[in-house]
Amino acid sequence: MSLQDLLGRDVRFVFCGGKGGVGKTIVSAAIGLWTARHGEKTLIFSTDPAHSVSDAFDVKIGNRLTQIDEAGNLYGFEMSSQKVLEDLKERYRDIIEKALNQFLRRGLDLPFERQLLHGIMDFSPPGLDELMALSKLNDVLTDYEFDRVIIDTAAGAHAIRLIELPGIVDEWLETAFRLVKKFENVTSLAEVRLFLLEQRLKLKRLRESVLNPKRAVLVAITIPETLGISVVGLMIKGFKSCGIPCQDIIVNFVVPSDVKCNYCILRRRGQIKRIEETREKFPRYNIIEIPQFPQQVVGIESLGNFAEVLFGGGCRPKFSSVRAETSKSIQHGIAETPRLELQDKNLVLFGGKGGCGKTTCSAATGIYMASHGKKTLVLSTDPQHSLSDSFDQEVGYEITPTKGVNNLYAMEIDAEKLLKEWREENREALIEIAENATYMEREDISQFLDLSLPGMDELMAQRELQRLMKKAEYDLYILDTAPTGHTLRFLELPDMMSKWVKVLAQMHSKTRYILQTFFGRRAQRLQRKPEIFLEQTMRDIDIMKAIFKSRNTEFVPVTILEEMAIKESERLLQTLTSYKMQARQIVCNGINPHNPDCPYCMSKREMQQKELQSVCEKFAPYKMVEMPLFPHEIRGIEDLSDFGKILFEGQKQA
């Protein structure tokens, strides 16, 4: 089967979604290129905070509408949430400032209140990537007309959160309308009402266009592995709950059927089982198998070849004419390369582009370290958890002993549960701060506190990590992080939270001045809860900053030897350097074996070895840890144990 019938459907918006590393960006780019070449004006819009559309086309796109092809039918847009937020603030700054002025108490220190307003407006809360993406997409579609819009989403749960946002924003607007109605008899809030009506109209337009079940579809993408298939099920369910249907499931990176070498035959044998499971699990869907290309799919020409396979079904990827001897000068025996070294570390974070093997490295490192006497806890901070699939046993939201390995524990953080607990724990303090600094009453503030908040996964994960490390019950903590963009948001949280606490402290300082003026020493008892909350939160932030910069903490980037993954690793390392976070070694995962009689293996290996040389030159100060591509899915304690031995001891352990 192919994706050919997509062209005949009355569909304007195509969401490409799945687990990280399954090829969402390549599929998005190929669909966009195909529709553009068939005469449709097409936009490829990336909502992933770590954009890859530029890398896929080998064209600089960025946060602007950019023409990609010479014919003028294909355009790209990589949305910068921070830039969009700044533009949004600037557009509505006067209205928002007037509105907030209506609610803040006046008459005591107007310049102070102005300063506080600016502090609030300069604050960037977490979770804005998805919200700003929808806002910007709405603006682009208002200004320009496209026949097709291909949306390259963030991985897994983040894509589901994107389409759930309109419902969440609608709750925010409804609460704001109730508040305006309550206070409009006291003061004029006409501009505020107009502003809220404008946002509601934009939301309605978004639902009628981008999220219209009659005009939008999900194209689900997976690889022939258990976790990828599991995520596809969650994606289909999540999009269906918001009314967006799915008919097509693309199974990417399938080893071709005519391979001859034992290594490729073993890989294909395992993949066929997973493809059969996919067909059984999704019997009424169009399952499209896409062969793994021996060369990188980057640039217009190779994307065109990929699109031919995707839509034509009968085409095959071309092998480069490689002989074994051409690779001899660049052979690197994995046994001879440096191995991963994590002595004296008590916190290790594995991160990188989706699908590079972060979870496998995290789980395998946990097993290796636990078997060498370290009491170890492996934590998943990705909302689309995969530790259970990797260990092949249930890992809960509570700390769970790992079966078959002494000293090893695992946990998949439940951000929603932790957020609920945090709200209840700090509700009174937050209400007191807001109640004393504004005209809002307890009931109003409580309603705002109960609203859904996107982007709290990283915040709650960091809070839980800090709490667990404070207890010091484990020798080593290992973090299996979300894909790059969301991991960077996780790392920048301490600085962002410092600004948040500063704004709250400014709000509270005015109340403290009034209380001390009228009540003297008794004021300390009257402001005890807010004071404790602010002091404790600031201490926790300082502790987290110290942990991230500690010599006992290390970030280990994981990549594969493909151009898009390497570019993302380069951006990740630049950010880690700016945060002064220790990173000394890079895991280069999935290196093909040297099989001279197999044109597929040798073509792939030739490409990888060229990239490896480039990586070694580009990342010269870092130690490169090479890992082979296993001929089977790495799942369960035995497989992970083997992976860990190679990761830390070398090829002789394979």
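Two strands pair if DSSP finds at least two bridges between them. Strands here (E, at least two residues) and helices (H or I, at least four) are DSSP runs, numbered from the N terminus. This is a predicted model, in which local features need pLDDT of at least 70 and side-chain atom pairs count only at pLDDT 80 or more, while totals for chains, interfaces and linings use all residues. Residues are numbered from 1 along each chain as its sequence is written, and side-chain values use heavy atoms, leaving out hydrogens and water.

Let's start with E15 (residues 585-591), which runs parallel to E16 and is joined to it by 5 bridges. Across this pairing, isoleucine 586 stands opposite methionine 624 in E16. Of the 6 residues in E16 (residues 623-628), 5 are buried (under 20% relative accessible area, with exposed over 50% and partly exposed in between; 1.4 Å probe, protein chains only).

## Helices H1 and H10

Now for a helix pair: the axes of H1 (residues 24-37) and H10 (residues 300-312) come within 8 Å and cross at roughly 85°. Axes are lines fitted to C-alpha atoms, for helices over the stretch in contact, and angles run from 0 to 180 degrees between N-to-C directions. H1 is therefore roughly perpendicular to H10 (65 to 115 degrees; under 35 counts as roughly parallel, over 145 as roughly antiparallel and the rest as oblique).

## Arginine 12

Arginine 12 sits in the segment before strand E1 (13-18). Arginine 12 counts as buried because its relative accessibility is 12%.
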